[in-house]
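Here is my note on the model, as numbered points. Please read it with the structure open.

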Amino acid sequence: MIKEPKTLMLVGFMGAGKTTVGREIARQHQSLFIDVDSEIERLANQSIAEIFVARGEAGFRELETQVLSEVQTFNGIVATGGGVVERSENLAILEQSPATVIYLHGNLESTISRLLLEGQRPLLQEKSAVDFFNLWQQRDPKYQRIANFTVETVGKTPERIAAEIVALFSSNEDELALLQLRSEIDAFDRQIFQLIEKRMQVVSSVAQYKKKFDMKTVQQPRMLKMRELLKYDFEDSKDITDEMIDQIMSILTTSAINKENEQLKR
Ligand SMILES: Nc1ncnc2c1ncn2[C@@H]1O[C@H](COP(=O)(O)OP(=O)(O)OP(=O)(O)O)[C@@H](O)[C@H]1O
Ligand SMILES: O=C(O)C1=C[C@@H](O)[C@@H](O)[C@H](O)C1
Ligand SMILES: [Mg+2]
């Protein structure tokens, strides 16, 4: 059971949101928060980037292990650094500590775009996209191994992720299994709606085109063709039935037609 843990450790790839979500859990749950990277900077009196330059990655990892062993019994939320799984000493600390470990799982694409916006991680400067992909593949099973619970973060706001984690505190073992699955479903739902939002933006551009060339909003052959192609592509799927395609496409096309009519004032 994850019941009001004394220590809650967040692990995950750099940029997964450990620091942001950790602070938010502390705010929602009124607990203390500590960030391993910030503690390392305090200890060395240097920024992470400066530590990497002055002591190399190996020197940074030494400090990381030192701080991790100190915070393993911290009474509150601990955001670890993305590379905490790089050293076997750290894995042993996390496996043996009484802390509850939560893996913030995302996808490489959204994580890299966030990191590029920030541009502060030393490893980001020196690694190629392929290196990053390999690092992701190599670290992912390690985060999984040490985690008591994995939270799917794709498409969710930090507030939403934090609320999901706070909800775990009062759940028993059986409920946790269900919450784990629901965390995945919620992430898919958010991705589906984000895609629908993007689809509607394209619909807007189609409306402009139709206005320019004085075309009708509803193009019946096109509507039929869209469904026909989807049914063909998913004909082997047991879950995506023709009926489901008709129902979902009906909602999507009705919303699109309404939007086009509104834009074209028809
Ligand atoms: N769920 C989210 N949705 C959108 N943006 C997010 C989300 N989580 C984090 N971010 C943004 O992504 C960036 C990286 O987040 P954060 O610093 O919390 O990652 P981290 O896991 O602590 O990384 P590191 O391992 O490098 O310390 C920040 O700009 C933050 O605002
Ligand atoms: O993923 C990593 O190896 C790192 C992540 C950051 O949290 C920092 O600890 C540092 O930039 C290294
Ligand atoms: Mg961080």
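1. A definition comes ahead of the sheet: two strands pair if DSSP finds at least two bridges between them. Leu104 and Val151 are bridge partners, the latter in S5. Strand S4 (residues 100-105) and S5 pair in the parallel sense, over four bridges. Keep in mind that this is a predicted model.

2. Now the whole sheet. It is open and has five strands, in the order S2-S3-S1-S4-S5, with parallel pairing. Strand S2 (32-35) and strand S5 (149-152) stand at the edges. Each has a single partner strand, so one side of each is left without a neighbour in the sheet. Neighbouring strands are turned by 25 degrees against each other on average, direction ignored. In general, strands of a sheet pair through backbone hydrogen bonds, either parallel or antiparallel.

3. The annotated site. The UniProt record, an unreviewed entry, places the feature "binding site" at Gly15, Ala16, Gly17, Lys18, Thr19, Thr20 and Arg121. Two of these positions deserve a look. Thr20 lies in helix H1 (residues 18-29). Arg121 is found in the loop between helix H5 (108-118) and helix H6 (122-126).

4. Is each of the two buried or partly exposed? Thr20 has 18 other C-beta atoms within 10 Å, so it is partly exposed. Arg121 has 20 other C-beta atoms within 10 Å, and 20 or more counts as buried. Therefore Arg121 is buried. Leaving aside neighbours within four places in sequence, Arg121 is in contact with Met14 and Leu115.

5. Ligand 1. How many residues surround ligand 1? The shell has 20 residues, and the closest are Met14, Gly17, Thr19, Thr20 and Gly82. H1, H5 and helix H8 (158-168) each supply at least two residues of this shell. H1 gives the most, with three residues. By class, the shell around ligand 1 divides into five nonpolar, nine polar and six charged residues.

6. Ligand 2. The surrounding residues are Met14, Asp37, Ile48, Gly81, Gly82, Gly83, Arg121, Pro122 and Leu123. By class, four are nonpolar, three polar and two charged.

7. Residues to check across points.

Note on methods:
Residues are numbered from 1 along each chain as its sequence is written. Chains are lettered from A and ligands numbered from 1 in the order in which they are written. This is a predicted model: local features need pLDDT of at least 70, side-chain atom pairs count only at pLDDT 80 or more; totals for chains, interfaces and linings use all residues. UniProt positions are given in the numbering used here, feature names are shortened, and annotations may be inferred rather than shown by experiment. A residue is buried if 20 or more other C-beta atoms lie within 10 Å of its own, exposed if 12 or fewer, and partly exposed in between; C-beta atoms are placed from the backbone. Two residues are in contact if their C-beta atoms, placed from the backbone, lie within 7 Å. A residue is near a molecule or strand if its C-beta atom, placed from the backbone, lies within 6 Å of it. Ala, Val, Leu, Ile, Met, Phe, Trp, Tyr, Cys and Pro count as nonpolar, Asp, Glu, Lys and Arg as charged, and the others, Gly among them, as polar. Axes are lines fitted to C-alpha atoms, for helices over the stretch in contact, and angles run from 0 to 180 degrees between N-to-C directions.
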